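Keep the sequence alongside the model.

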Amino acid sequence: MIEVIDKGVYLLNGKEFAADAQGLPAPDEARENTITYGILRAHDADGSKGNKMRIKFDAMMSHDITYVGIIQTARASGLEKFPIPYAMTNCHNSLCAVGGTINEDDHVFGLSAAKKYGGIYVPANQAVIHQYAREAMVKCGNMILGSDSHTRYGSLGNMGVGEGGGELVKQLLSNTWDINAPEVVLVWLEGTPAKGIGPHDVAISLVKAVFDSGFVKNKVLEFAGPGVKNLPIDFRNGIDIMTTETTCLSSIWVTDEEVENHYRIHGRPEDYKELKPGDVAYYDGMIRIDLSKQESMIALPFHPSNAYSIHELQADPERILREVEEDARNRFGDQIDIDLVGKIQNGKVMADQGIIAGCSGGTYDNLAEAASILKDKSVGNGYFTISAYPQSVPVYMATTRDGIAEELLEAGVVIKPAFCGPCFGAGDVPSNNGLSIRHTTRNFPNREGSKPGQGQISLVALMDARSIAATAANGGVITAATDVEYSNGHNPYKFDERIYERRVFNGFGKEDASVELRYGPNIKDWPKMYPMQENMLLELAAVIHDPVTTTDELIPSGETSSYRSNPLKLSEFALSRRVPEYVGISKRIQKEDIERREGKCPEHVEKVLAKVGASAADTSFGSCVFANRPGDGSAREQAASCQKVLGGDANICYEYATKRYRSNCINWGIVPFTISKETPFDYQPGDYVLVPGIRDAILSGKEEADAKVITADGVKDIKLHFSNLTPGERQILADGCLMNYYANQCK
């Protein structure tokens, strides 16, 4: 069904592939004819065709987990007004009963900031962030930067990029997003999906095909081919939003009459334009997808790439589920008592819960298909439950007017307002040992809201809304939608703009400096952060050898989201579900560094420095995390800022899972060290790493340093790398963080 072609290809006239490269332009020249490069070059502030790009975006998106910190950082750096449209949605912390007043305090702050700086404010439960972008912000050929990793609007002709808050701050201060000119991978779609196949089936198969190999990491996926025309817009959106899980940089699709109709029904026909590759376009690789062969899929814990067809799971459930159990035990040890095999009844796997929600699941088409499957049926009155979250009020209104909501409610589905909670552990947390099947974006460990450190474990499997509905109609027995008969007679989506006109505050270009920001008691400024010193002494506070460490493990989602506006409070949760002792160790190291700065260096630190001939006067002392491959998942900058707030000075790894996490580290003054894959790292928490001359090495443009590891057994050499840093990033690291960098520019 999916073929990965790991070599360059030439696409001619958007229709056929060249048999060979004879007589064709060189790859670098022909790559400029991709849709990707047409958009990127148009947004490059340098206006050149070089290997470095400095991108300025057309618009930005944030939600209520991220916008307070972004605005606080930008305000401390000299923000006067928003220079581009900046929409702030309230779809993550919209459960205002959690944590007292603090979530609604953030919302009030956001509205006051929109009035003061000229922003767009979308009240709670009106829309999830990416649906509001699709309905009100996207334009063909434009670029949107979002502080959410699933910022993907390529199916609508708009390149979306998800980054940490620091990168949005740079745009607010009229600076640039700096990247290496990316490679582009063609995703060639052929055929037509069978009835019962949905976007999540294709997306899960795509992630399975490329994630482990890193084939598309930091590259742009460009979708084209004859199969595109066979996909409705919601189907395209559902695939596109999941490209984040491949670790690609961004995505873009050819546009056609379907896309033109999207802009027409949303009252913005002028924002459509045709996008297609040039006559001769070069791609650095290709993924060929035959949609007609796509099967109904399930992605089992703990990643969207851990995927099987539902028929495969049905044929061999015990072996497959035992593998998941073993993975869970390897991750959590004796903290949990997991029993997935117990879900097998009469040879069939039973689910406990179904969820259709968020930017990927709660689309009009998904809800219409689910309602058609469940029409005149019942989800029953047993343990299985199912909830649906329309992704915006306009979508909810349309489902009501077309009878979709009625059919869902009659079957026993609970319909809830637009909210991203089920996707990150802030809503519909399953019971202990519960198996939840979800049309949401991720199924990482802890992300559904369980707490393995407290003996709680629940598990999420990703499925398409159609198969979730088929499962619900079958009493919770996991069922492929291709195995059920149904007819969908619902009307196409009709957008009603009145709710946005009446409830959204659109203040772009209408900033009012006299407006006072409204603060709640939980909204705190960032603590003081120090510039880099000549030498750096690091104590390992956590050593993690998992294949991948997600941002949900670095800073848990769910109930911690209420503290995103309080850096000190939030930092107490850092690594709490993976290395519970990390916070205490880091705070002790931070306290000892403060003593060192006051001329009272602790004796044990003096002894360590003496072993390598370093002086406490010009050597900082901070904590460090080692992980094999950290940062997969969310764009949330707090995964890095919490380390910094606790005195973290560096991370060491073999590879950063995503560019966005590495960028977050840099913007918070955490040096993103790497080591070669041949270098064993068998050191333990409590061991030390000295990096002599690090400040000079960073500022002089060096890309590696000879460091010393100090253990109880002696001193060993290690080479640390810090390549591919821009001059601006080097200065940010030397200054200690992005805020210090901007403050120094104003002196």
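Strand 2 (residues 9-12) runs antiparallel to strand 14, joined to it by 4 bridges. Strands here are DSSP runs of E with at least two residues, helices are runs of H or I with at least four, and both are numbered from the N terminus. Two strands pair if DSSP finds at least two bridges between them. Y10 faces Y282 in strand 14.

This is a predicted model, in which local features need pLDDT of at least 70, side-chain atom pairs need 80 or more, and totals for chains, interfaces and linings use all residues. Residues are numbered from 1 along each chain as its sequence is written, and side-chain values use heavy atoms, without hydrogens and water.

The open sheet has 3 strands in the order 3-2-14, paired antiparallel. Strand 3 (16-17) and strand 14 (280-283) are the edges; each has a single partner strand, so one side of each lacks a neighbour in the sheet.

Now the cavities. A cavity is a set of points on a 1 Å grid over the protein atoms alone where a 1.4 Å probe fits but cannot get out; lining residues have an atom within 4 Å of a point. Points are joined across faces, edges and corners, and volume is the space filled by probe spheres set on them. The model holds 6 cavities of 30 Å³ or more.

Strand 9 (159-162) and helix 24 (659-667) each supply at least two of its lining residues.

Notes:
On a 1 Å grid over the protein atoms alone, a cavity is a set of points where a 1.4 Å probe fits but cannot get out, and a pocket is an open set with protein on both sides within 12 Å along at least five of seven lines; lining residues have an atom within 4 Å of a point.
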